[in-house]
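Me: Please look over the chain shown below. Some questions about its fold and a few of its residues follow.

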Amino acid sequence: MTTRSAPRIQLVPDMPICQQDLPLDWYQEEFRPYAEEYLALPDRKPETVLPWMDRRIHPALDALGPGVVLLAHYYMGGEIVKLVERYGGHIADSYQLALQAVRHPEKKIFVESAVHFMAEAIAILASDDQQVWITNPKSGCTMEMMAKDFMIEPAFEDLVATYGDDILVVAYMNTSGRVKALAGRTGGAVCTSSNAKRVVGWALEQGRKVLFVPDRHLGEVVAGWTGVSPDDLFFWEGGTAGAAMTVAGLSASDRARLDRSKMVLWGSYCGVHTVFTPAHVEWWRARGFRVLVHPECPKVVVDVADGAGSTSYLWDAVEQAPRGAKLAIATEGHFVRNAREQAALRGVEVVNVADIPDPAFRSMGCGCATMSRNDPPHLVAMLDLLAKGTPPDLNRVFAGDSVSETTGARERLGDAERAAVVRDARRSLERMIEITERR
Ligand code: SF4
């Protein structure tokens, strides 16, 4: 399997395995015996955890055979990233993850330690003989949670009632399959942070109004990259407020702004990426650091940084930095910690832009707490139960599932509705792939 920018993360003896232990009642019933075994280990360091995992995972992988693939996203707690690699798995960003099934038809079982929308994107592009499983169905993306289909669709319908078919949807990868399907139905496309500029540029060339969902910050940043003036943007609310907002309820000045807008930005955001400020950037730059940021950060932060780009862009910048280089990175905290540890081995200093050792700032970077709900017992339980032929249905990922991140419960679509979601969501994903890989 090929994944760009393999992280080459090294296991070290005193590495903490898990950043925090989840309470036992957070595990689904079938996984609790594994969690109890894990929590009974005398500590959670490699000397005890790795032999326990080896005892369970090696036989499970042998039983499942070469058709199984373990996957994780770069933002997973560093420990899971390291462990997934230890068992032959692969780490990728959301674009690379989405392509795993379609690029590897010989692989039949995909076990993903990341958030739900990432697993669902693999399932949308998978063929009928490929299965996708998620190690913890309670792992959701908070940005996606503020942009569910039942929130976006009323707003979209209202916009269509006002502007007719003169509007298309560009859906960031951090959306459910149902929202990706909406994008497909409108002739729009999916995008990721690595290709958002190309996809939005393509969408604007269609000469239609673009509804960009769900990240208002990425939308605003990409608008700037593609030459859309701030005056040509309209900011729609996010979450349930977005669902309740109506064109008829706008003030006259807001209505005029909406009428002339080229892009309408849904008002969701990532709490992890919005802790950064321009003052943070200036603080590190004044101390000789090159500051690189993810475009989910507010535009005012991106505007003053030395560079901005996707997770892969940031990882590549760290890997390619010469000895003695100093980089300050603004993105998810586990990613920055992994980058800092690995860069230190090569004499490169990496810091988190929000971690400023000055009490006046009182700021700290943070990790993606929902993605980190995947931990060693979840991985062990999922593989062991798959090998035994008794995997819980709760962990099986189908296109169109609507998941409660509180309970992990899924509302599944019937066959016909699911087929329609797959058809339309594939259109938007395939459009993204076509735009991205066009030379
Ligand atoms: S870091 Fe933010 S955008 Fe990424 S998965 Fe977590 S909550 Fe979602």
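Me: In which loop is the place of Arg-362?

Reply: This is a predicted model, in which local features need pLDDT of at least 70, side-chain atom pairs count only at pLDDT 80 or more, and totals for chains, interfaces and linings use all residues. Residues are numbered from 1 along each chain as its sequence is written. Helices (H or I, at least four residues) and strands (E, at least two) are DSSP runs, numbered from the N terminus. Arg-362 sits in the loop between strand S13 (349–352) and helix H18 (376–388).

Me: Is Arg-362 buried or exposed?

Reply: A residue is buried if 20 or more other C-beta atoms lie within 10 Å of its own, exposed if 12 or fewer, and partly exposed in between, with C-beta atoms placed from the backbone. Arg-362 is not a glycine, yet has a positive phi of about 45°. Because Arg-362 has 7 other C-beta atoms within 10 Å, the residue is exposed.

Me: Which class does Glu-153 fall into, and why?

Reply: Glu-153 belongs to helix H8 (residues 149–163). Its C-alpha is 13 Å from that of Gly-184, at a sequence separation of 31 residues. Because Glu-153 has 14 other C-beta atoms within 10 Å, it is partly exposed.

Me: What is the radius of gyration of the chain?

Reply: The chain has 19 helices and 15 strands. The globule rule (2.2 Å times the number of residues to the power 0.38, with the radius taken over C-alpha atoms) gives 22 Å for 439 residues. The chain is close to that value, so it is as compact as a globular protein of that length, with a radius of gyration of 22 Å.

Me: What percentage of the residues of the chain count as buried?

Reply: The C-alpha trace spans about 65 × 60 × 45 Å along its principal axes. Of the 439 residues, the buried part is 52%.
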